[in-house]
Amino acid sequence: MIQETIVTTQSSEGITHIAPMGIHVEGDSLVILPFRPSTTLNNFVETKVGVINYCDDVRVFAGCLTGRRDWPLQSAQTISGRVLECALAHTEVEIERIEENTTRPKLFCKTVHTANHAPFKGFNRAQFSVLEAAILISRLDMLPLQKIESEIEYLRIGLDKTAGEREWEAWGWIMAVLDNHKRNANR
């Protein structure tokens, strides 16, 4: 199973990096597969720790993919790391082992602390639409534009029916990136 989360890591200098990432859940293990090159991978290799944030504010996912990475943070409880203030829950992890790969190494993590901060009240279809659209724009250079536009059109249905202010704001950020990409592609 893959859970869509926000991973926060820190460099050895204490600079926090916030990145949306699908975390693979394999029994009791959490496996993170960051692409090379990535700040998340570099920070994990340097410090061996990170925080998995469970968040229902899709603006964080869309924001990180559209250049908005300044989200309020607080200190982690057992590791040297930071937690998103808007996280409903978080898990602090340490790297147990790394399975090397030239594209996506596997970081096998053990949980060292978990905390719940607020109740999860469920997702609406617009949140799903924003998450899927964010994933699509993260692949603008990998997927055909026609496929992305077709999927965005379908995702818009759920957005139109169930979105609140947060979802509309996040959708707007994503559409601005897509529009900019299309303008640049037509030059």
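Is Lys106 buried, partly exposed or exposed? With a relative accessibility of 28%, Lys106 counts as partly exposed, where buried means under 20% relative accessible area, exposed over 50% and partly exposed in between, with a 1.4 Å probe and protein chains only.

Before the views, a short note on the model. This is a predicted model, in which local features need pLDDT of at least 70, side-chain atom pairs count only at pLDDT 80 or more, and totals for chains, interfaces and linings use all residues. Residues are numbered from 1 along each chain as its sequence is written, and side-chain values use heavy atoms, with hydrogens and water left out.

**View A. Lys106 and its surroundings.** Lys106 belongs to strand E8, residues 106-116; helices (H or I, at least four residues) and strands (E, at least two) are DSSP runs, numbered from the N terminus. Beyond residues up to four places away in sequence, Lys106 touches Val31, Ile32, Leu33, Arg97, Ile98 and Glu99, a contact being heavy atoms within 4.5 Å. Look also for His24: the C-alpha atoms of Lys106 and His24 are 9.8 Å apart, although 82 residues separate them in sequence.

**View B. Thr40 in helix H1.** Helix H1 spans residues 39-47 and includes Thr40. Thr40 is buried, because its relative accessible area is 2%. Apart from neighbours within four places in sequence, the contacts of Thr40 are Val7, Thr9, His17, Ala19 and Met21.

View C. Pro37 sits in the loop between strand E3 (29-32) and H1, and the peptide bond leading from Arg36 to Pro37 is cis, with omega near -15°. In the loop between H1 and strand E4 (49-54) you will find Lys48. Lys48 is not a glycine, yet has a positive phi of about 70°. Its relative accessible area of 39% makes Lys48 partly exposed.

**View D. Aromatic pairs.** The structure holds two aromatic pairs. Rings of Phe, Tyr and Trp (its six-membered ring) pair if their centres lie within 6.5 Å; planes under 30 degrees apart count as stacked, over 60 as edge-to-face and the rest as tilted. The ring centres of Trp71 and Trp173 are 6.4 Å apart and the planes meet at 55°, so this pair is tilted. It links distant parts of the chain, 102 residues apart: Trp71 in the loop between helix H2 (58-65) and strand E5 (73-75), and Trp173 in helix H5 (residues 165-185). Both Trp71 and Trp173 are buried. Phe120 and Phe123 form an edge-to-face pair, 5.0 Å from centre to centre with 65° between the planes. Phe120 is partly exposed, at 49% relative accessible area, and Phe123 is partly exposed at 49%.

**View E. Arginines over rings.** Arg97 lies over the face of Phe108, 3.7 Å from the ring centre. Arg104 lies over the face of Phe35, at 4.2 Å from the ring centre. A charge sits over a ring if NZ of Lys or CZ of Arg is within 6 Å of the ring centre and within 35 degrees of the ring normal.

**View F. The largest nonpolar core.** A nonpolar core is a set of buried Ala, Val, Leu, Ile, Met, Phe, Trp, Tyr and Cys residues joined through side-chain atoms within 4.5 Å. Among the 35 residues of the largest one, Leu84, Val130, Ile152, Trp171 and Ile174 touch the most other members. Helix H3 (125-137) is one of the elements that each supply at least two residues of this core, and its seven residues are the largest share.
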